[in-house]
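Me: Hi! Could you walk me through the helix packing and the nonpolar cores of this model?

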Amino acid sequence: MLESDNSMNLSFNKAHELIKKSEDIKIYTHIDCDGVTAGAILSSMLDRLEKDHEIEFISLDKIDDLKAENEVTIFSDLGSGQDLTEFCTSASKTLILDHHPPIRKIGHSMNGELVELNPHFHNIDGSYEISGGGMSYLLARTFGFQDLSWMGVLSAVGDMQNSFNGKMVGLNHGILNESIKHQLVESKNDLAIYGRQTRPIFVALSYFGDVNLPITNNKTECLLLLNKLDIPTKNGRKHRSLCDLSVEEKGRLFSELVRMLSLEVPSKYVKYVPKLISGDSYEFLEEEKYSPLRDASEFSTAVNACGRHNHHKVALNVLKGDRGAGLDEMEHLALGHRRYLAQKMNWIRGDDRIIPLNNIQYFEGSEIKSEVIGTIAGMILSYGDWRKPIIGFTPIGEDKEGIKVSLRCSRLLAYNGIHFGNLIRKVAKKVGGTGGGHSVACGAYIPEGSTDKFLNLFDESLKGLI
(Lines give C-alpha, C1' and ligand atoms only; values in the text may rest on other atoms or scores of the structure.)
Protein backbone atom coordinates (compact mmCIF):
# COMPACT_ATOMS: atom_id res chain seq x y z
CA MET A 1 0.00 0.00 0.00
CA LEU A 2 1.25 3.49 -0.83
CA GLU A 3 1.39 5.88 2.07
CA SER A 4 1.78 9.63 1.55
CA ASP A 5 0.71 12.61 3.64
CA ASN A 6 -2.48 14.57 3.11
CA SER A 7 -0.77 17.65 1.67
CA MET A 8 0.90 15.48 -0.98
CA ASN A 9 -2.42 13.84 -1.81
CA LEU A 10 -4.01 17.28 -2.17
CA SER A 11 -1.28 18.30 -4.61
CA PHE A 12 -1.87 15.18 -6.71
CA ASN A 13 -5.60 15.94 -6.67
CA LYS A 14 -4.83 19.40 -8.10
CA ALA A 15 -2.67 17.85 -10.81
CA HIS A 16 -5.41 15.30 -11.55
CA GLU A 17 -7.98 18.06 -12.06
CA LEU A 18 -5.59 20.09 -14.22
CA ILE A 19 -5.06 17.11 -16.56
CA LYS A 20 -8.74 16.19 -16.54
CA LYS A 21 -9.77 19.67 -17.75
CA SER A 22 -7.06 20.00 -20.43
CA GLU A 23 -7.01 18.88 -24.07
CA ASP A 24 -3.67 20.17 -25.40
CA ILE A 25 -0.66 19.00 -23.39
CA LYS A 26 3.10 19.14 -23.92
CA ILE A 27 5.49 16.94 -21.92
CA TYR A 28 9.14 17.89 -21.47
CA THR A 29 11.09 15.09 -19.86
CA HIS A 30 14.70 14.24 -19.12
CA ILE A 31 16.90 12.14 -21.43
CA ASP A 32 18.01 9.42 -18.98
CA CYS A 33 16.19 6.19 -18.12
CA ASP A 34 14.19 7.81 -15.33
CA GLY A 35 13.13 10.70 -17.54
CA VAL A 36 12.29 8.60 -20.59
CA THR A 37 10.29 6.15 -18.45
CA ALA A 38 8.53 9.02 -16.68
CA GLY A 39 7.55 10.35 -20.09
CA ALA A 40 6.28 6.91 -21.14
CA ILE A 41 4.08 6.70 -18.04
CA LEU A 42 2.57 10.12 -18.72
CA SER A 43 2.12 9.45 -22.44
CA SER A 44 0.42 6.11 -21.69
CA MET A 45 -1.84 7.85 -19.18
CA LEU A 46 -2.79 10.58 -21.65
CA ASP A 47 -3.40 8.02 -24.43
CA ARG A 48 -5.90 6.24 -22.20
CA LEU A 49 -7.54 9.54 -21.26
CA GLU A 50 -7.70 10.40 -24.99
CA LYS A 51 -5.83 13.66 -24.46
CA ASP A 52 -3.86 15.19 -27.35
CA HIS A 53 -0.23 15.49 -26.32
CA GLU A 54 3.35 15.80 -27.52
CA ILE A 55 6.49 14.63 -25.75
CA GLU A 56 9.98 16.07 -26.06
CA PHE A 57 13.16 14.79 -24.42
CA ILE A 58 15.53 17.51 -23.22
CA SER A 59 18.70 17.97 -21.19
CA LEU A 60 18.71 20.45 -18.30
CA ASP A 61 20.65 23.09 -20.21
CA LYS A 62 17.81 23.39 -22.75
CA ILE A 63 15.16 24.62 -20.30
CA ASP A 64 16.13 28.30 -20.58
CA ASP A 65 15.25 28.22 -24.30
CA LEU A 66 11.68 26.87 -23.87
CA LYS A 67 8.48 28.85 -24.26
CA ALA A 68 4.95 27.89 -23.21
CA GLU A 69 3.01 27.14 -26.42
CA ASN A 70 0.40 24.60 -25.22
CA GLU A 71 -2.60 24.73 -22.95
CA VAL A 72 -0.74 22.72 -20.28
CA THR A 73 2.98 21.96 -20.00
CA ILE A 74 4.27 19.06 -17.90
CA PHE A 75 7.90 18.87 -16.77
CA SER A 76 8.79 15.35 -15.64
CA ASP A 77 12.04 14.37 -13.91
CA LEU A 78 13.17 17.99 -14.19
CA GLY A 79 11.88 21.50 -13.51
CA SER A 80 12.17 21.73 -9.74
CA GLY A 81 15.84 22.72 -9.83
CA GLN A 82 15.44 25.21 -12.69
CA ASP A 83 14.27 28.83 -12.81
CA LEU A 84 10.99 28.85 -14.75
CA THR A 85 10.21 32.54 -14.23
CA GLU A 86 10.56 33.33 -17.94
CA PHE A 87 8.64 30.20 -18.97
CA CYS A 88 5.61 30.80 -16.75
CA THR A 89 3.49 33.55 -18.30
CA SER A 90 0.13 34.89 -17.18
CA ALA A 91 -1.60 32.55 -19.64
CA SER A 92 0.46 29.40 -18.91
CA LYS A 93 -0.54 26.31 -16.96
CA THR A 94 2.46 24.32 -15.75
CA LEU A 95 2.75 21.02 -13.91
CA ILE A 96 6.08 19.85 -12.47
CA LEU A 97 6.57 16.20 -11.48
CA ASP A 98 10.13 16.05 -10.19
CA HIS A 99 12.13 14.44 -7.38
CA HIS A 100 15.29 16.58 -7.42
CA PRO A 101 15.85 19.22 -4.69
CA PRO A 102 13.58 22.21 -5.48
CA ILE A 103 14.68 25.82 -5.62
CA ARG A 104 11.15 27.05 -4.81
CA LYS A 105 9.09 26.51 -1.68
CA ILE A 106 5.79 24.64 -1.75
CA GLY A 107 2.98 26.85 -3.01
CA HIS A 108 5.41 29.34 -4.60
CA SER A 109 3.50 31.95 -6.60
CA MET A 110 4.35 32.34 -10.29
CA ASN A 111 2.71 33.96 -13.28
CA GLY A 112 -0.07 31.75 -14.62
CA GLU A 113 -0.99 28.48 -12.91
CA LEU A 114 1.80 26.35 -11.44
CA VAL A 115 1.35 22.99 -9.72
CA GLU A 116 4.68 21.64 -8.49
CA LEU A 117 4.81 18.13 -7.07
CA ASN A 118 8.06 17.24 -5.32
CA PRO A 119 8.71 14.74 -2.51
CA HIS A 120 11.12 17.12 -0.77
CA PHE A 121 8.14 19.38 0.05
CA HIS A 122 6.87 16.51 2.24
CA ASN A 123 10.13 15.43 3.90
CA ILE A 124 10.57 12.54 1.46
CA ASP A 125 14.07 12.12 0.03
CA GLY A 126 13.91 12.13 -3.76
CA SER A 127 17.36 10.59 -4.13
CA TYR A 128 16.31 7.14 -2.92
CA GLU A 129 12.64 7.13 -1.83
CA ILE A 130 11.01 8.01 -5.16
CA SER A 131 12.14 8.73 -8.73
CA GLY A 132 10.83 11.05 -11.42
CA GLY A 133 9.03 8.09 -12.99
CA GLY A 134 7.63 7.26 -9.58
CA MET A 135 6.14 10.75 -9.30
CA SER A 136 4.62 10.38 -12.77
CA TYR A 137 3.20 7.00 -11.79
CA LEU A 138 1.57 8.46 -8.66
CA LEU A 139 -0.31 10.85 -10.95
CA ALA A 140 -1.32 8.03 -13.33
CA ARG A 141 -2.46 6.08 -10.27
CA THR A 142 -5.02 8.79 -9.45
CA PHE A 143 -6.73 7.78 -12.71
CA GLY A 144 -6.66 4.10 -11.70
CA PHE A 145 -3.79 2.99 -13.97
CA GLN A 146 -2.00 0.77 -11.45
CA ASP A 147 -0.82 -1.55 -14.23
CA LEU A 148 1.78 1.13 -15.05
CA SER A 149 3.44 0.55 -11.67
CA TRP A 150 6.15 -1.65 -13.24
CA MET A 151 7.50 1.43 -14.99
CA GLY A 152 7.78 3.15 -11.62
CA VAL A 153 10.03 0.26 -10.54
CA LEU A 154 12.09 0.55 -13.74
CA SER A 155 12.51 4.31 -13.19
CA ALA A 156 13.81 3.78 -9.67
CA VAL A 157 16.33 1.16 -10.84
CA GLY A 158 17.40 3.33 -13.78
CA ASP A 159 17.96 6.21 -11.37
CA MET A 160 20.03 3.96 -9.06
CA GLN A 161 17.61 4.60 -6.19
CA ASN A 162 18.08 1.06 -4.89
CA SER A 163 21.88 1.08 -5.15
CA PHE A 164 22.69 2.36 -1.67
CA ASN A 165 20.31 0.15 0.31
CA GLY A 166 20.24 -2.75 -2.15
CA LYS A 167 16.44 -2.60 -2.13
CA MET A 168 13.46 -0.29 -2.61
CA VAL A 169 12.48 1.94 0.29
CA GLY A 170 9.88 4.63 0.92
CA LEU A 171 7.35 5.31 -1.82
CA ASN A 172 9.44 3.18 -4.20
CA HIS A 173 8.69 0.19 -1.95
CA GLY A 174 4.97 0.96 -2.15
CA ILE A 175 5.10 1.14 -5.96
CA LEU A 176 7.02 -2.16 -6.02
CA ASN A 177 4.39 -3.82 -3.84
CA GLU A 178 1.64 -2.68 -6.20
CA SER A 179 3.58 -4.17 -9.12
CA ILE A 180 3.96 -7.45 -7.24
CA LYS A 181 0.26 -7.46 -6.32
CA HIS A 182 -0.65 -7.09 -10.01
CA GLN A 183 1.78 -9.91 -10.90
CA LEU A 184 3.89 -7.59 -13.04
CA VAL A 185 7.14 -7.81 -11.07
CA GLU A 186 8.91 -10.43 -9.01
CA SER A 187 11.40 -9.26 -6.38
CA LYS A 188 13.95 -11.51 -4.70
CA ASN A 189 17.30 -11.21 -3.00
CA ASP A 190 20.07 -12.15 -5.42
CA LEU A 191 23.72 -11.62 -6.26
CA ALA A 192 24.34 -8.04 -7.38
CA ILE A 193 25.92 -9.06 -10.68
CA TYR A 194 24.84 -7.28 -13.85
CA GLY A 195 23.65 -9.33 -16.83
CA ARG A 196 21.36 -11.61 -14.86
CA GLN A 197 19.39 -12.70 -17.94
CA THR A 198 21.65 -12.20 -20.95
CA ARG A 199 25.33 -12.64 -20.03
CA PRO A 200 27.09 -15.99 -19.52
CA ILE A 201 27.87 -16.17 -15.80
CA PHE A 202 31.64 -16.20 -16.33
CA VAL A 203 31.38 -13.02 -18.44
CA ALA A 204 29.08 -11.26 -15.96
CA LEU A 205 31.41 -12.20 -13.12
CA SER A 206 34.42 -10.63 -14.87
CA TYR A 207 32.70 -7.23 -14.73
CA PHE A 208 31.64 -7.58 -11.10
CA GLY A 209 32.35 -4.80 -8.64
CA ASP A 210 34.48 -1.70 -8.60
CA VAL A 211 37.17 -3.18 -6.33
CA ASN A 212 39.91 -4.91 -8.27
CA LEU A 213 39.92 -8.68 -7.73
CA PRO A 214 41.88 -11.46 -9.49
CA ILE A 215 38.71 -12.12 -11.55
CA THR A 216 38.24 -8.47 -12.59
CA ASN A 217 38.23 -8.19 -16.39
CA ASN A 218 39.63 -11.74 -16.55
CA LYS A 219 37.24 -14.35 -17.98
CA THR A 220 39.79 -17.17 -17.60
CA GLU A 221 40.06 -16.55 -13.86
CA CYS A 222 36.26 -16.46 -13.65
CA LEU A 223 36.00 -19.86 -15.33
CA LEU A 224 38.60 -21.27 -12.94
CA LEU A 225 36.73 -19.83 -9.94
CA LEU A 226 33.38 -21.28 -11.04
CA ASN A 227 35.01 -24.66 -11.66
CA LYS A 228 36.56 -24.57 -8.16
CA LEU A 229 33.10 -23.85 -6.70
CA ASP A 230 31.57 -26.72 -8.70
CA ILE A 231 29.28 -24.36 -10.64
CA PRO A 232 28.81 -25.58 -14.24
CA THR A 233 29.01 -22.81 -16.83
CA LYS A 234 26.91 -24.62 -19.44
CA ASN A 235 23.55 -26.34 -19.77
CA GLY A 236 24.49 -28.71 -22.57
CA ARG A 237 25.68 -26.41 -25.35
CA LYS A 238 24.18 -23.24 -23.87
CA HIS A 239 26.08 -20.98 -21.49
CA ARG A 240 24.37 -20.52 -18.14
CA SER A 241 23.43 -17.04 -16.93
CA LEU A 242 23.07 -15.92 -13.33
CA CYS A 243 19.31 -16.57 -13.51
CA ASP A 244 20.07 -20.26 -14.21
CA LEU A 245 22.06 -20.81 -11.01
CA SER A 246 20.44 -22.62 -8.08
CA VAL A 247 20.12 -21.04 -4.64
CA GLU A 248 22.90 -23.32 -3.39
CA GLU A 249 25.23 -22.34 -6.24
CA LYS A 250 24.59 -18.66 -5.62
CA GLY A 251 25.30 -19.22 -1.93
CA ARG A 252 28.72 -20.72 -2.68
CA LEU A 253 29.55 -17.87 -5.04
CA PHE A 254 28.39 -15.27 -2.51
CA SER A 255 30.61 -16.73 0.22
CA GLU A 256 33.64 -16.81 -2.07
CA LEU A 257 33.14 -13.21 -3.22
CA VAL A 258 32.81 -12.07 0.40
CA ARG A 259 36.10 -13.82 1.20
CA MET A 260 37.90 -12.34 -1.81
CA LEU A 261 36.67 -8.79 -1.29
CA SER A 262 37.37 -8.86 2.44
CA LEU A 263 41.03 -9.55 1.65
CA GLU A 264 41.23 -6.56 -0.69
CA VAL A 265 39.66 -3.74 1.34
CA PRO A 266 40.82 -1.98 4.53
CA SER A 267 39.31 -3.40 7.72
CA LYS A 268 36.92 -0.44 8.19
CA TYR A 269 35.13 -1.43 4.96
CA VAL A 270 34.85 -5.19 5.58
CA LYS A 271 31.46 -4.87 7.32
CA TYR A 272 30.02 -3.35 4.13
CA VAL A 273 31.25 -6.09 1.79
CA PRO A 274 28.06 -8.24 1.84
CA LYS A 275 26.04 -5.18 0.73
CA LEU A 276 28.27 -4.93 -2.35
CA ILE A 277 27.59 -8.52 -3.33
CA SER A 278 23.86 -9.01 -2.80
CA GLY A 279 20.65 -7.01 -3.11
CA ASP A 280 17.09 -7.27 -4.37
CA SER A 281 16.55 -7.98 -8.07
CA TYR A 282 13.43 -7.19 -10.08
CA GLU A 283 12.06 -9.30 -12.91
CA PHE A 284 9.29 -8.13 -15.23
CA LEU A 285 7.09 -11.19 -15.47
CA GLU A 286 5.43 -10.28 -18.77
CA GLU A 287 8.80 -10.26 -20.56
CA GLU A 288 10.42 -13.41 -21.97
CA LYS A 289 13.16 -15.13 -19.99
CA TYR A 290 16.68 -14.32 -21.28
CA SER A 291 15.31 -11.12 -22.85
CA PRO A 292 17.20 -7.89 -21.99
CA LEU A 293 13.80 -6.56 -20.86
CA ARG A 294 13.24 -9.28 -18.26
CA ASP A 295 15.65 -7.84 -15.67
CA ALA A 296 15.15 -4.27 -14.46
CA SER A 297 18.86 -3.41 -14.52
CA GLU A 298 19.31 -4.65 -18.08
CA PHE A 299 16.08 -2.99 -19.24
CA SER A 300 17.22 0.32 -17.74
CA THR A 301 20.56 0.03 -19.55
CA ALA A 302 18.76 -0.52 -22.86
CA VAL A 303 16.61 2.57 -22.26
CA ASN A 304 19.71 4.58 -21.37
CA ALA A 305 21.47 3.38 -24.53
CA CYS A 306 18.66 4.83 -26.63
CA GLY A 307 18.63 8.07 -24.66
CA ARG A 308 22.38 8.57 -24.69
CA HIS A 309 22.43 8.35 -28.49
CA ASN A 310 19.37 10.58 -29.06
CA HIS A 311 16.92 7.80 -29.96
CA HIS A 312 14.51 8.43 -27.10
CA LYS A 313 11.44 7.66 -29.21
CA VAL A 314 12.67 4.08 -29.74
CA ALA A 315 12.79 3.53 -25.97
CA LEU A 316 9.44 5.29 -25.59
CA ASN A 317 7.79 2.94 -28.09
CA VAL A 318 9.22 -0.15 -26.37
CA LEU A 319 8.11 1.09 -22.96
CA LYS A 320 4.61 1.62 -24.35
CA GLY A 321 4.47 -1.95 -25.64
CA ASP A 322 6.28 -2.25 -28.98
CA ARG A 323 7.92 -5.69 -28.97
CA GLY A 324 8.43 -5.85 -32.73
CA ALA A 325 10.45 -3.35 -34.79
CA GLY A 326 10.92 -1.08 -31.77
CA LEU A 327 12.55 -3.82 -29.71
CA ASP A 328 14.76 -4.84 -32.66
CA GLU A 329 15.93 -1.24 -33.02
CA MET A 330 16.51 -0.93 -29.28
CA GLU A 331 18.71 -4.04 -29.29
CA HIS A 332 20.61 -2.70 -32.32
CA LEU A 333 21.20 0.61 -30.52
CA ALA A 334 22.29 -1.23 -27.38
CA LEU A 335 24.86 -3.18 -29.42
CA GLY A 336 26.20 0.04 -30.94
CA HIS A 337 26.26 1.61 -27.48
CA ARG A 338 28.38 -1.25 -26.10
CA ARG A 339 30.81 -0.95 -29.02
CA TYR A 340 31.12 2.79 -28.50
CA LEU A 341 31.79 2.33 -24.78
CA ALA A 342 34.40 -0.36 -25.44
CA GLN A 343 36.15 1.88 -27.98
CA LYS A 344 36.31 4.82 -25.55
CA MET A 345 37.42 2.59 -22.68
CA ASN A 346 40.32 1.36 -24.81
CA TRP A 347 41.16 4.96 -25.70
CA ILE A 348 41.40 5.94 -22.03
CA ARG A 349 43.34 2.84 -20.99
CA GLY A 350 45.61 2.78 -24.06
CA ASP A 351 46.73 6.37 -23.59
CA ASP A 352 46.95 6.02 -19.79
CA ARG A 353 44.61 8.97 -19.37
CA ILE A 354 43.63 8.42 -15.72
CA ILE A 355 45.50 11.06 -13.69
CA PRO A 356 45.70 10.60 -9.89
CA LEU A 357 45.60 13.45 -7.38
CA ASN A 358 45.78 13.15 -3.60
CA ASN A 359 42.11 12.24 -3.04
CA ILE A 360 40.58 11.92 -6.51
CA GLN A 361 41.46 10.66 -9.98
CA TYR A 362 40.27 12.11 -13.26
CA PHE A 363 40.42 11.87 -17.03
CA GLU A 364 39.88 14.43 -19.75
CA GLY A 365 37.39 12.89 -22.18
CA SER A 366 37.13 15.42 -25.01
CA GLU A 367 36.52 12.59 -27.51
CA ILE A 368 33.59 11.20 -25.48
CA LYS A 369 29.98 12.31 -25.92
CA SER A 370 28.73 14.29 -22.93
CA GLU A 371 25.72 11.94 -22.72
CA VAL A 372 27.91 8.94 -21.85
CA ILE A 373 30.81 10.45 -19.90
CA GLY A 374 29.23 9.22 -16.64
CA THR A 375 28.82 5.68 -17.96
CA ILE A 376 32.46 5.63 -19.02
CA ALA A 377 33.55 6.94 -15.61
CA GLY A 378 31.69 4.13 -13.87
CA MET A 379 33.16 1.47 -16.14
CA ILE A 380 36.73 2.74 -15.93
CA LEU A 381 36.65 2.84 -12.11
CA SER A 382 37.71 -0.81 -11.89
CA TYR A 383 40.90 0.05 -13.84
CA GLY A 384 41.89 2.83 -11.46
CA ASP A 385 42.10 3.13 -7.68
CA TRP A 386 38.70 2.27 -6.16
CA ARG A 387 39.62 4.20 -2.99
CA LYS A 388 39.33 7.47 -4.90
CA PRO A 389 36.29 8.77 -6.81
CA ILE A 390 36.88 9.14 -10.54
CA ILE A 391 35.86 12.27 -12.45
CA GLY A 392 35.47 12.63 -16.20
CA PHE A 393 35.35 15.91 -18.15
CA THR A 394 34.08 16.59 -21.65
CA PRO A 395 32.66 19.62 -23.55
CA ILE A 396 28.85 19.90 -23.36
CA GLY A 397 28.69 20.14 -27.17
CA GLU A 398 25.79 21.07 -29.48
CA ASP A 399 26.91 24.71 -29.64
CA LYS A 400 26.64 25.02 -25.85
CA GLU A 401 29.60 26.44 -23.96
CA GLY A 402 30.82 24.75 -20.83
CA ILE A 403 32.13 21.46 -19.48
CA LYS A 404 30.15 18.40 -18.42
CA VAL A 405 31.53 16.75 -15.28
CA SER A 406 30.63 13.22 -14.17
CA LEU A 407 31.73 11.47 -10.99
CA ARG A 408 31.49 7.81 -10.01
CA CYS A 409 32.82 6.07 -6.92
CA SER A 410 32.76 2.77 -5.09
CA ARG A 411 29.70 2.26 -2.92
CA LEU A 412 32.14 1.55 -0.07
CA LEU A 413 32.96 5.27 0.08
CA ALA A 414 29.26 6.14 0.26
CA TYR A 415 28.66 3.51 2.96
CA ASN A 416 31.41 5.23 4.90
CA GLY A 417 29.37 8.44 4.93
CA ILE A 418 30.47 10.53 1.92
CA HIS A 419 27.68 11.98 -0.26
CA PHE A 420 29.38 13.05 -3.47
CA GLY A 421 26.18 14.52 -4.94
CA ASN A 422 26.07 17.14 -2.19
CA LEU A 423 29.80 17.73 -2.44
CA ILE A 424 29.86 18.23 -6.21
CA ARG A 425 27.01 20.75 -5.94
CA LYS A 426 29.00 22.88 -3.50
CA VAL A 427 32.25 22.71 -5.48
CA ALA A 428 30.54 23.43 -8.82
CA LYS A 429 28.86 26.50 -7.33
CA LYS A 430 32.26 27.86 -6.25
CA VAL A 431 33.47 27.88 -9.88
CA GLY A 432 30.24 29.35 -11.28
CA GLY A 433 28.56 26.07 -12.22
CA THR A 434 25.75 23.81 -11.06
CA GLY A 435 25.73 20.20 -9.93
CA GLY A 436 24.21 17.47 -7.81
CA GLY A 437 23.12 13.86 -7.83
CA HIS A 438 23.49 10.70 -5.80
CA SER A 439 26.11 9.66 -3.27
CA VAL A 440 27.86 7.32 -5.75
CA ALA A 441 26.90 8.89 -9.12
CA CYS A 442 26.63 12.60 -9.72
CA GLY A 443 27.60 15.37 -12.11
CA ALA A 444 27.94 19.06 -12.83
CA TYR A 445 28.10 21.70 -15.55
CA ILE A 446 30.96 24.15 -15.10
CA PRO A 447 32.32 27.07 -17.19
CA GLU A 448 35.10 26.47 -19.69
CA GLY A 449 38.53 27.09 -18.23
CA SER A 450 37.45 26.19 -14.68
CA THR A 451 38.45 22.51 -14.61
CA ASP A 452 41.78 23.03 -12.81
CA LYS A 453 40.15 25.14 -10.10
CA PHE A 454 37.30 22.62 -9.81
CA LEU A 455 39.73 19.71 -9.40
CA ASN A 456 41.83 21.52 -6.80
CA LEU A 457 38.78 22.50 -4.74
CA PHE A 458 37.30 19.00 -4.96
CA ASP A 459 40.58 17.33 -4.05
CA GLU A 460 41.02 19.66 -1.07
CA SER A 461 37.43 19.13 0.12
CA LEU A 462 38.12 15.40 0.54
CA LYS A 463 41.22 15.88 2.68
CA GLY A 464 40.94 13.57 5.68
CA LEU A 465 37.76 11.90 4.40
CA ILE A 466 39.20 9.37 1.93
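Reply: Happy to! Axes here are lines fitted to C-alpha atoms, for helices over the stretch in contact, and angles run from 0 to 180 degrees between N-to-C directions. Helices (H or I, at least four residues) are DSSP runs, numbered from the N terminus. This is a predicted model, in which local features need pLDDT of at least 70 and side-chain atom pairs count only at pLDDT 80 or more, while totals for chains, interfaces and linings use all residues. Residues are numbered from 1 along each chain as its sequence is written, and side-chain values use heavy atoms, with hydrogens and water left out.

Me: At what angle do helix 16 and helix 17 pack?

Reply: Helix 16 covers residues 420-430 and helix 17 covers residues 451-461, and their axes lie 10 Å apart. The angle between them is about 135°.

Me: Which class does that give helix 16 relative to helix 17?

Reply: Angles under 35 degrees count as roughly parallel, over 145 as roughly antiparallel, 65 to 115 as roughly perpendicular and the rest as oblique. The angle therefore makes helix 16, relative to helix 17, oblique.

Me: Which residues of helix 17 meet helix 16?

Reply: Contact means heavy atoms within 4.5 Å. From helix 16 come Phe420, Leu423, Ile424, Val427, Ala428 and Lys430. Their partners in helix 17 are Lys453, Phe454, Leu457, Phe458 and Ser461.

Me: Is His419 buried or exposed, or partly exposed?

Reply: His419 sits in the loop between helix 15 (411-415) and helix 16. Leaving aside neighbours within four places in sequence, His419 contacts Gly437, His438 and Ser439. Buried means under 20% relative accessible area, exposed over 50%, partly exposed in between (1.4 Å probe, protein chains only). Because its relative accessibility is 29%, His419 counts as partly exposed.

Me: How are helix 4 and helix 11 oriented to each other?

Reply: The axes of helix 4 (residues 149-158) and helix 11 (residues 296-308) come within 9 Å and cross at roughly 75°. Helix 4 and helix 11 are therefore roughly perpendicular.

Me: Which residues touch the most other members of the largest nonpolar core?

Reply: A nonpolar core is a set of buried Ala, Val, Leu, Ile, Met, Phe, Trp, Tyr and Cys residues joined through side-chain atoms within 4.5 Å. The largest one has 62 residues, and its largest share, 7 residues, comes from helix 2 (residues 33-48). Those touching the most other members are Leu95, Leu139, Phe299 and Met330.

Notes: Helices (H or I, at least four residues) and strands (E, at least two) are DSSP runs, numbered from the N terminus.
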